[in-house]
Amino acid sequence: MTDTADTRPSPAGDSRRRAVVGFILDNLVWLILIVVALAFSAAIPNFLQIGIFLNILEQSTFVGILAVGLSLTLIAGHMDLSIESVMALAAMVVALTFGTGGAGGGLELHPAWLSFPVSLAMALAVGIVIGAFNGLLVVRFSINAFIVTLGSYIVVRGMVVALSGGRSVYGLPDAMRVMAVDRILGIPLLAWALIATYIIFALILTKTPFGRHIFLIGGNVTAAFRAGIKVGGVVMATFILSGALAGFAGWLLSSRTAGATANLGIGMLFQAFAAVVIGGVSLKGGQGRLSGVFAGVLLLSSIQTAINVMGMPPHYTQMIQGALVLAAVLLDTFKTTIRRHYL
Amino acid sequence: MSKDQPLLVLDDIKMRFGAIEALRGVSFSVDGGEVVALLGDNGAGKSTLVKIIAGGQRATSGRVVFEGRDRQFDSPAEAKAAGIETVYQDLSLCTNVDVVANFFMGRELTRRVLGIPILRQKEMEQETAKALAAGGTSIPSLRVNVEHLSGGQRQAIELNRFVHWGGKLVLLDEPFAALGVEQTRRGLEMVERVRARGIGVILITHVMAQAFAAADRIVILRHGIVAGNVKTEETSPDEVVRMITGGIGRIARATENQPETGAGT
């Protein structure tokens, strides 16, 4: 390791070059995303349309919101595998209560718009309860988060199937479909929800002491504890937030699909993981920025959309996304080397 | 608190881990503005004692009296709130964040916007810069992550941190282990500055020269009991070495102590 920084006189040009290299490394995913989007636009006829980009944004909503919760737990040095199942359970609970077709209970509220906030509260409550359960096992009983949330992942998916009896639910009241149907300024509400989630949580992570503590705990839990940070409480909060975000994603998903099926959202956990890793969140904890994760999510859905538009079979998506995850990990190692040499 | 009352009194502290008795009745006291060097061989119980005072470990029996009150700190947070700062042997830094974030770890300055606490980054950076400058430490950029800093720079951050926050009692657990000669000298200066502010210091060290340079009193632990408690000017390195290795025992102050046999436990 070369520690020349304090001895070498650093001329303005040198520090500017370092600033540029640092900026590029920090925002590498965005550069890749832009390059990929330009390449698709050039190579695929009809790709360059505002509609397609809005569609990419809209499609990213569910994986994107899951990825925020996953990032929180990963940065704190843990992980949450249960998010996909929690999302499905939240969607199923909402659909079972308000759905008019299939296994739906067909609950009607007066006035009708009440179903909007009530269903949102239900979905969030499902997420918070399971998140709190995960957090409790991780914090109180010091069980590895991988095991805890893998268990929840399986149990909660089982609950989805059990609750619905394997049947699907359809026909949600109009008040609950607002999120999936309406637009503001020409942009779908789902996309707004996604963007708002990223902005809020990026601010929480970078601007609040709570966010700072998440990074400190992920970096060195002993040091954070010694410094008087309430480690257990913060970790608990990341699991509850992760659950609540998954519940929120489930609420949006039920709105989008106007119901729920027992296998709703299967595979989204791994897409969320891929996006998070591509976005530069370290699996070792303490590293990551939501702007990178957002770019990772957009990158994955751009590729998916391009493959759809080109009419290629969907399994190519899986292969490409898998390869991207490996590339992202390699890139991360590469970035560390570059940093050491140039910064 | 009256002036003649000691800042910290340890009264017959015992610590048992299963069959092992790490501390077999340790008693000594520290005054405000006094530097006490704690010496002892490996396994003498120094680090256990630090954890009991600094929070995080509860003594099996015995009393910790801090500022005249019986205290047992369940966590470092509680001890810190009471005014006890600790610099640990293994550094307590988060290398994944920058110097400022480390300096203010757990004590971030905030302002409230709509009731939500928001970090005051600029003020924290300025204060860190001021504190490091006062401590004579130069770090090229406070926004650089600690992982890119040298071992000496890291230790300097820790030392500046305790000088800045101070509190009422500072525990230093082998703080100069990774430092060079010049930095160690500066570290000892920092101890002196802290003492001048009326803060009590417990300095744990292996290096006899450091103990004699900085301490008013030297307490020697041996096999979990106090084997010596002497004023620095009334002893010599030779004598201290003999107390560490078990040649002799000498208690200068009239503090009651368990006999070396440990009988009655």
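**Figure 1. Chain A of the predicted model contains 15 helices and five strands.** With a radius of gyration of 21 Å, close to the 20 Å that the globule rule gives for 343 residues, chain A is as compact as a globular protein of that length. Along the principal axes, the C-alpha atoms of chain A fill a box of roughly 75 × 55 × 35 Å.

**Figure 2. Burial and contacts in chain A.** Of the 343 residues in chain A, 45% are buried. Among the contacts in chain A with a separation of 6 or more, 79% are between residues 24 or more positions apart.

**Figure 3. Helix α4 of chain A packs with helix α5 of chain A.** Two packed helices are described by the angle between their axes and by the distance between those axes. Helix α4(A) covers residues 61-75 and helix α5(A) covers residues 83-98. Their axes are 10 Å apart and form an angle of about 125°. The crossing of the two helices, α4(A) and α5(A), is right-handed.

**Figure 4. Residues where α4(A) meets α5(A).** On the α4(A) side, the residues in the contact are F62(A), L66(A), G69(A) and L70(A). The α5(A) side contributes I83(A), E84(A) and M87(A). Sorted by class, the residues of this contact between α4(A) and α5(A) are five nonpolar, one polar and one charged.

How values were computed
Residues are numbered from 1 along each chain as its sequence is written. Chains are lettered from A and ligands numbered from 1 in the order in which they are written. This is a predicted model: local features need pLDDT of at least 70, side-chain atom pairs count only at pLDDT 80 or more; totals for chains, interfaces and linings use all residues. Helices (H or I, at least four residues) and strands (E, at least two) are DSSP runs, numbered from the N terminus. The radius of gyration is taken over C-alpha atoms; the globule rule is 2.2 Å times the number of residues to the power 0.38. A residue is buried if 20 or more other C-beta atoms lie within 10 Å of its own, exposed if 12 or fewer, and partly exposed in between; C-beta atoms are placed from the backbone. Two residues are in contact if their C-beta atoms, placed from the backbone, lie within 7 Å. Axes are lines fitted to C-alpha atoms, for helices over the stretch in contact, and angles run from 0 to 180 degrees between N-to-C directions. A crossing is left-handed if the near helix is turned anticlockwise from the far one by less than a right angle, and right-handed if clockwise. Ala, Val, Leu, Ile, Met, Phe, Trp, Tyr, Cys and Pro count as nonpolar, Asp, Glu, Lys and Arg as charged, and the others, Gly among them, as polar.
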